[in-house]
Amino acid sequence: MLEEVGFVDVSYGNRIDTFAGAPGEEKARAYDVHGYTFMARKPD
Amino acid sequence: MATSELPVDADSLRSEVRDKYRDVALEPGAEHHFHTGRFLARHLGYPAAWVDDVPEPVVESFAGVGDPFAMRRLEPGERIVDVGSGAGFDSFCAAWQVGDDGHVVGVDMTPEMLDKARRNAALVGADNVEFREGFAEQLPVADGWADVVISNGVINLCPDKHAAFTEIRRVLRPGGVLQFADIANGTPVPPGALREIDLWTG
């Protein structure tokens with residue numbers, strides 16, 4: 001989607017177990033939900 | 001995806017999200033489906049220098065899902081937009097990085113978060129940060145103003161992500177950077193579940 005709207009150099013970082021130990025962990029595990037970091041650039 | 005094709009009613013979703021984050025602003029210590037506060041910031045790997053000594057009100061309503069500065073630290077003098085700034089923790093982390101020659105604009109749609117963020121700015125003496133009311137899909141920022149847009153756990157709550165990214169692109173200068181943290185699911189969510197607003201907000 002980032003590239004669809006015109007971003008370039010799209011990259012992402014490590015997967016983060018954001019919900020580990022939280023009340024929402026079970027639901028997060030059901031859909032394999034994790035946190036991620038992303039970076040993209042608007043073309044010059 | 002056009003607005004008419006969204007799996008949920010956009011206004012209903014915004015209302016539910018606003019209610020959820022009003023609770024996080026006013027009762028950060030209550031049980032939420034996600035972690036909050038200083039514990040969460042440490043869990044996500046934020047540097048201790050940004051987390052350990054900040055006053056509790058500045059960090060207690062933090063509800064991010066990652067560290068948007070992990071892939072790239074901000075540069076002194078940069079102009080930053082924080083989409084979904086909440087009570088301001090990431091905005092203040094940005095302000096400390098860009099310094100007095102930089103500027104940070106936090107945008108949030110929840111009045112209680114905006115009030116708290118403004119009180120927090122006074123608490124930490126952050127003169128290079130301001131907070132404005134608005135939506136990710138309609139940012140109150142001029143075309144091409146920002147060097148960098150950050151966000152943390154917000155885009156997943158937007159009913160129209162294409163519109164949000166298009167708006168972020170609008171406020172970035174040519175060559176500007178979007179760096180953000182968000183959640184993604186590895187297992188497809190059934191179409192019926194996508195229409196359950198409770199699933200979006202927790």
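## Chain B at a glance

Residues 24 or more positions apart account for 74% of the contacts in chain B with a separation of 6 or more, a contact being two residues whose C-beta atoms, placed from the backbone, lie within 7 Å. This is a predicted model, where local features need pLDDT of at least 70, side-chain atom pairs count only at pLDDT 80 or more, and totals for chains, interfaces and linings use all residues. Residues are numbered from 1 along each chain as its sequence is written, while chains are lettered from A and ligands numbered from 1 in the order in which they are written.

## Overall build

Chain B has nine helices and five strands, taken as DSSP runs (H or I, at least four residues, for helices; E, at least two, for strands) numbered from the N terminus. Along the sequence they run α-α-α-α-β-α-β-α-β-β-α-β-α-α.

The C-alpha trace of chain B spans about 50 × 40 × 30 Å along its principal axes. Of its 202 residues, 46% count as buried, with 20 or more other C-beta atoms within 10 Å of their own C-beta, placed from the backbone.

## Where α1 meets α6

Helix α1 (residues 10–26) of chain B packs against helix α6 (residues 111–124) of chain B at about 30°, the axes lying 8 Å apart. That makes α1(B) roughly parallel to α6(B) (angles under 35 degrees count as such).

On the α1(B) side you'll find Y21(B), R22(B), A25(B) and L26(B), which meet E112(B), M113(B) and K116(B) of α6(B). Sorted by class, this contact has four nonpolar, no polar and three charged residues (nonpolar: Ala, Val, Leu, Ile, Met, Phe, Trp, Tyr, Cys and Pro; charged: Asp, Glu, Lys and Arg; polar: the others, Gly among them).

Key: Axes fitted to C-alpha atoms, helices over the stretch in contact; angles between N-to-C directions. Parallel < 35°, antiparallel > 145°, perpendicular 65-115°, else oblique. Buried ≥ 20, exposed ≤ 12 C-beta atoms within 10 Å, placed from the backbone.
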